[in-house]
Amino acid sequence: MPRFVVQQHDATTLHYDFRLEHDGVLRSWAVPKGPSMDPAHKRLAIPVEDHSLAYGGFEGLVGMGGGSGAVIVWDRGEYELLNGTPDDDRFTFALHGEKLRGGFALTRTGPKQWLLVKKADEEARRGSDVTAERPESVKTGRTWRDVAEGGRRQDASRRGGGLIDPSPSP
């Protein structure tokens, strides 16, 4: 089964990068409020550039520039397509993650705008806020603030400072 990852990223604004493995890359959407397990919550999802499969495991500080900041692996797992593909304007899929489970849909609503919605199934949790309830990384248990603080301490202690740049291979 293909993989998915959700990385919480404190860049210009704090957001979640929702990534699905498809055609050898991670197809990616920035989700400002983060995914929800409540079917009543429709989450804006803005397509961003594809990322390499290796980037899906990255956690740390991203280098200087517009996308700089702390990144954690907020959730990860496998997914299965139920209807359509990420190349379509609407597709449904089931996530088998550590935090996100069950059916979801991504639907294009404009040229650079999609909606991510949880399906009403046995995994749905009405009224819950999974991002507030489970802010930690599934990889390390750290929060994005822990990563940011650790980076600031490291930068202050070494000459030249600078943030970690995960490219070309994280």
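1. Buried means under 20% relative accessible area, exposed over 50%, and partly exposed in between, with a 1.4 Å probe and protein chains only. By this scale Glu-59 is buried, with a relative accessible area of 13%.

2. The structure is a predicted model, in which local features need pLDDT of at least 70 and side-chain atom pairs count only at pLDDT 80 or more, while totals for chains, interfaces and linings use all residues. Residues are numbered from 1 along each chain as its sequence is written, and side-chain values use heavy atoms, with hydrogens and water left out.

3. The note turns to salt bridges. A salt bridge is a side-chain nitrogen of Lys or Arg within 4 Å of a carboxyl oxygen of Asp or Glu. The whole structure contains 11 salt bridges.

4. Which residue forms a salt bridge with Asp-38? The partner is Arg-126, with 3.9 Å from N to O. Asp-38 lies in the loop between strand 3 (25–31) and strand 4 (42–51), and Arg-126 in the loop between strand 9 (113–118) and helix 1 (130–133), so the pair ties together parts that are 88 residues apart in sequence. Asp-38 counts as buried at 5% relative accessibility, whereas Arg-126 is exposed, with a relative accessible area of 60%.

5. Because Arg-142 lies in the loop between helix 1 and helix 2 (144–157) and Glu-59 in the loop between strand 4 and strand 5 (60–62), the pair ties together parts that are 83 residues apart in sequence. Arg-142 counts as partly exposed, at 32% relative accessibility.

6. Glu-98 and Arg-76 form a further salt bridge, in which the closest N and O atoms are 3.4 Å apart. This pair links distant parts of the chain: Glu-98 is in the loop between strand 7 (90–97) and strand 8 (101–110), and Arg-76 is in strand 6 (residues 69–83), 22 residues apart. Glu-98 counts as partly exposed at 44% relative accessibility, and Arg-76 counts as partly exposed at 32%. Elsewhere, a network of salt bridges links Arg-27, Asp-50 and Asp-87.

7. Aromatic rings form the next topic. A pair of aromatic rings is described by the distance of the centres and the angle of the planes. Rings of Phe, Tyr and Trp (its six-membered ring) pair if their centres lie within 6.5 Å; planes under 30 degrees apart count as stacked, over 60 as edge-to-face and the rest as tilted. The count by this rule is 10 aromatic pairs.

8. In one of these pairs, the rings of Trp-29 and Phe-91 have their centres 6.2 Å apart and their planes at 45 degrees, so the pair is tilted. Trp-29 lies in strand 3 and Phe-91 in strand 7, so the pair ties together parts that are 62 residues apart in sequence. Both Trp-29 and Phe-91 are buried.

9. Tyr-55 and Phe-58 form a stacked aromatic pair, with 5.4 Å from centre to centre and 20 degrees between the planes. Tyr-55 counts as buried at 12% relative accessibility, and Phe-58 is buried at 7%.

10. One aromatic cluster is formed by Phe-18, Trp-29, Tyr-79, Phe-91, Phe-93, Phe-104 and Trp-114. Over the face of Phe-104 lies Lys-118, at 5.0 Å from the ring centre. A charge sits over a ring if NZ of Lys or CZ of Arg is within 6 Å of the ring centre and within 35 degrees of the ring normal.

11. How many residues of strand 1 (residues 3–10) are buried? Six of its eight residues are buried, and the strand is mostly covered. Two strands pair if DSSP finds at least two bridges between them. Strand 1 runs antiparallel to strand 6, joined by seven bridges, and Gln-7 has Val-73 in strand 6 as its bridge partner. Seven bridges also join strand 1 to strand 2 (residues 14–22), again antiparallel; there the bridge partner of Asp-10 is Leu-14. Strand 1 and strand 2 form a hairpin with three residues between them.

12. Gly-103 is placed in strand 8 and counts as buried at 7% relative accessibility. Contact means heavy atoms within 4.5 Å. Not counting residues up to four places away in sequence, Gly-103 touches Phe-93, Ala-94, Lys-118, Lys-119 and Asp-121.

Technical notes: Helix = DSSP H or I, 4+ residues; strand = E, 2+ residues; numbered from the N terminus.
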